[in-house]
Amino acid sequence: LTRMKARIKVLTKLHFAPLAWVLAVFFLIEEVIWDWTAKQMERLGTVRAINFVESKISKATPYWALFIFALPSLILNPAEIIGMKAISSGHWIIGGLVFVIAKIVGMALFARIFNLTKPALLQFKWFVWIYTKVMLYRNRIHEYLDNWVAYQNMKLRVKELKKVFTF
């Protein structure tokens, strides 16, 4: 029985190894893009008109905050779909560019708007529940990956690249 459990454990590790690599790459890309776009949005926030809009967003009621929070997705998801459609139609470069730009702009807007609307959104019990679950699983995945030597090496390489390209 113990021998069978050991085999199952090995098979499970082998089965999930590709998923771990995909997660590692996804999290690295997410961290790099999130950090870079957060800096860019912070710089953009120094523009008087944008600062004015951001101050209004941060004072929004919970239902308006929810609408404002969802707005970038409503606008940018169709752009991502158009990019995917272009890729599937054989227009790899144009479709890829549309998709990547929509993804980066979407992440930048999402990060900034989330930070501005988070206090209002946390007034919804259902949002607190979702946010807690998402953060719990995100932190578990990060904890797993942060203890993984290959992931640590990839993070070091990304830091070196950031210095070279001054993200």
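The protein chain has 6 helices and 0 strands. Along the sequence, the elements follow the pattern α-α-α-α-α-α. The mean pLDDT of the protein chain is 83. A score of at least 70 is reached by 90% of the residues. Helix α1, residues 2-44, has the lowest mean pLDDT, at 72. Helix α3, residues 62-88, has the highest, at 90. Where pLDDT is low, the predicted coordinates should not be read in detail.

The protein chain contains 167 residues, and 23% of them count as buried.

Two helix pairs, both involving α4, were considered in turn. Two packed helices are described by the angle between their axes and the distance between the axes. The axes of α2, residues 48-58, and α4 come within 8 Å. They cross at roughly 45°. On the α2 side, the contact is formed by Glu 54, Ile 57 and Ser 58. These residues meet Arg 112, Leu 116 and Thr 117 in α4. By class, the contact of α2 with α4 comprises 2 nonpolar, 2 polar and 2 charged residues.

Glu 54 lies in helix α2. Its relative accessible area is 11%. The cut-off for a buried residue is under 20%, so Glu 54 is buried. Neighbours within four places in sequence were set aside. Glu 54 is then in contact with Met 41, Gly 45, Arg 112 and Leu 116. Glu 54 and Thr 117 are 63 residues apart in sequence. Their C-alpha atoms are 9.7 Å apart in space.

The second pair is α3 with α4, the latter spanning residues 92-121. Their axes come within 8 Å and cross at roughly 170°. An angle over 145 degrees counts as roughly antiparallel, so α3 is roughly antiparallel to α4. The residues of this contact divide into 22 nonpolar, 5 polar and 2 charged.

Key. Residues numbered from 1 in each chain as written. Predicted model: local features only at pLDDT ≥ 70, side-chain atom pairs only at ≥ 80, totals over all residues. Heavy atoms only, no water. pLDDT = per-residue confidence, 0-100. Helix = DSSP H or I, 4+ residues; strand = E, 2+ residues; numbered from the N terminus. Axes fitted to C-alpha atoms, helices over the stretch in contact; angles between N-to-C directions. Parallel < 35°, antiparallel > 145°, perpendicular 65-115°, else oblique. Nonpolar A, V, L, I, M, F, W, Y, C, P; charged D, E, K, R; others polar. Buried < 20%, exposed > 50% of the residue type's maximum accessible area, 1.4 Å probe, protein only. Contact = heavy atoms within 4.5 Å.
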